[in-house]
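Please keep the model open while reading.

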Amino acid sequence: MDHAPQDTQPPLIYLNNAATTWPKPSEVLEEVANCLRQPLHEPGRTTGNGSMDYPSAAREALAAFFHSGPAENFIFTQNATDSLNLLIHGFVKKTGMQFHAITTELEHNSVLRPLTTLEQEGAITLSVVPFIDNTVSLAAIEKAICSETRLVVMTHGSNVLGSVQDIRPIAEYLHANDIFFIVDGAQTAGHIPVDLSDIPVGAFVFTGHKALFGIPGIGGFFISEPDAIAITRQGGTGTDSRTLTQPFEMPMRFEAGTHNYPGIASLYAGIRFITSIGQEAIEKKNTDLTRCFIRELKDTQGITIYNEKPDLPVVSFDIAGIDNHEAGFILARAYNVIMRTGLHCAPLVHERIDGGKGCIRASFSYFNTRDECRVAAEAIREVAWSADSQVRSD
Amino acid sequence: MKEYVLDEPLTEGFLKFLVNFGTVRSFEQLRKPYFSFEKEQFISIKGFLWESNVEVRYKKEFQDLVADYFHLLLYYEREGEPGIAKLKGVEESIRDKMKIRLAPSDGNSR
């Protein structure tokens, strides 16, 4: 064989933005550094001249960004998974009796695992609504509702198929029927405009480290009906410290202990970055990148794209003749193209689209370029063409 | 899973040796010639020819028995043909231990 050793790595192409966006805007990195340069401004605990109250500023930014309020109803958590656990378990605890819950096949394990755990414990009965043409319709949800239904938990955007669910009619129907609706916006927040003034959700969950350009470790949720959720965490809040139970006041009701200040600062700066560029401009660029990538790959023999018209910059595909983990390994190590392979923590979607074997997912962000799309697609084509290579065995 | 950095790159000779012990898949037309090796109940290997980094995954059930298997492959490859027979012998003794472990207990053991 005449292959010579190759010491030089091609430039990194990062297409794993649906997991965590990278790189972060310089404004975000600078804000995190600023946050850590000065003493923390902790209202009710420690304040000083010149320190910034990042939690309050970020809450205001979130309220403006999602067109909803009051700002105190935006609660900080570690991430979307943390938010969903707090909301789902808090709702069950508050309800205090067994009820029927509904979710969908499109969900991430951050929804499926808490609900399944509660089902196994006998706290709820659970229906999982199938998706058709990559989406879950109001009709499908309606069909699953029974007289004991109290909760629907549903993703806004699929992390595998890139499809956005039309949550407004679903939210309106559930609201009218007094069914609490938790929307997992982990994949949509920052990618598409979300106007919560127009969608009557019970709670909307987001994470900071994806399309909101924050750093890992910060997320949160907006809650329109705080009384629907039991308090499941207790601790210091810097307020009403004589009382030995958790304050009822928002946002302290759901936030105990010292905040993740660098994370909140990054979220604040991420939202400011998106606002400065314009959400429409970001969405337009992401759509362009996604279309470019799909165009490059869709006619390649051996490549199956699971949704050729995603609403989000997410493209899941399979390469025939090679295990997707192997393909991911080759693309990362030989081409320096980083994507995510496997089940993407969404096992039920994969059961439907690929029999549960998993696939490869490319996901784009504002900082990707068309050139990167083309170079990555060329690398994927090379792997696909090689996948029918000889198999030698003993 | 372990990632090893060897003191010299893997060669095609090593791949030819591996063929005697399991399934080798190779993708030689790629920018870097990739290969994988799969040996049921033992280990799997992923890597690139002419590179010294290699990823080795051990089968969980028998991890203690096969922990040295990758090193044995490297060691016996140097011996050429005689190494194949020797490693097959070692492999047999590992398989015997696997069989003992898999055998149903007679219920009298203390």
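1. Is the crossing of α3(B) and α4(B) left-handed or right-handed? In this predicted model, α3(B) and α4(B) cross in a right-handed way. The contact involves L72(B), Y76(B) and E77(B) on the α3(B) side, and G83(B), K86(B), L87(B) and V90(B) on the α4(B) side. By class, the residues of this contact are four nonpolar, one polar and two charged.

2. The geometry of this pair can be stated in numbers. Helix α3 of chain B covers residues 69-77 and helix α4 of chain B covers residues 81-102; their axes come within 9 Å and cross at roughly 155°. Because an angle over 145 degrees counts as roughly antiparallel, α3(B) is roughly antiparallel to α4(B).

3. The rest of chain B gives the setting for that pair. Chain B contains four helices and five strands, and read from the N terminus its elements follow the order β-α-β-β-β-β-α-α-α. The C-alpha trace of chain B spans about 60 × 30 × 25 Å along its principal axes. Of the 110 residues in chain B, 27% are buried. If one takes the contacts in chain B between residues at least 6 apart in sequence, 40% of them join residues at least 24 apart.

4. Chain A also has a helix pair to look at. Helix α1 (residues 26-37) and helix α7 (residues 261-277) of chain A have axes that come within 8 Å and cross at roughly 145°. The crossing of α1(A) with α7(A) is right-handed. Residues of α1(A) in the contact include V28(A), V32(A) and L36(A), and those of α7(A) include A265(A), A269(A) and F273(A). In total, the contact of α1(A) with α7(A) has 10 nonpolar, two polar and three charged residues.

5. Which residues of α10(A) are buried? In this helix, residues 347-354 of chain A, they are L348(A), V349(A), H350(A) and I353(A). The buried residues of α10(A) pack against α4 (109-120) and β4 (124-129) of chain A. Just after α10(A) comes G355(A), with a positive phi of about 70°.

6. A last point concerns confidence. Chain B has a mean pLDDT of 91, and 95% of its residues reach 70 or more. For the complex, the predictor gives an ipTM of 0.84 and a pTM of 0.92. Where pLDDT is low, the predicted coordinates should not be read in detail.

Technical notes
Residues numbered from 1 in each chain as written. Chains lettered and ligands numbered in written order. Predicted model: local features only at pLDDT ≥ 70, side-chain atom pairs only at ≥ 80, totals over all residues. Helix = DSSP H or I, 4+ residues; strand = E, 2+ residues; numbered from the N terminus. Buried ≥ 20, exposed ≤ 12 C-beta atoms within 10 Å, placed from the backbone. Contact = placed C-beta atoms within 7 Å. Axes fitted to C-alpha atoms, helices over the stretch in contact; angles between N-to-C directions. Parallel < 35°, antiparallel > 145°, perpendicular 65-115°, else oblique. Left-handed = near helix turned anticlockwise from the far one by under 90°. Nonpolar A, V, L, I, M, F, W, Y, C, P; charged D, E, K, R; others polar. pLDDT = per-residue confidence, 0-100.
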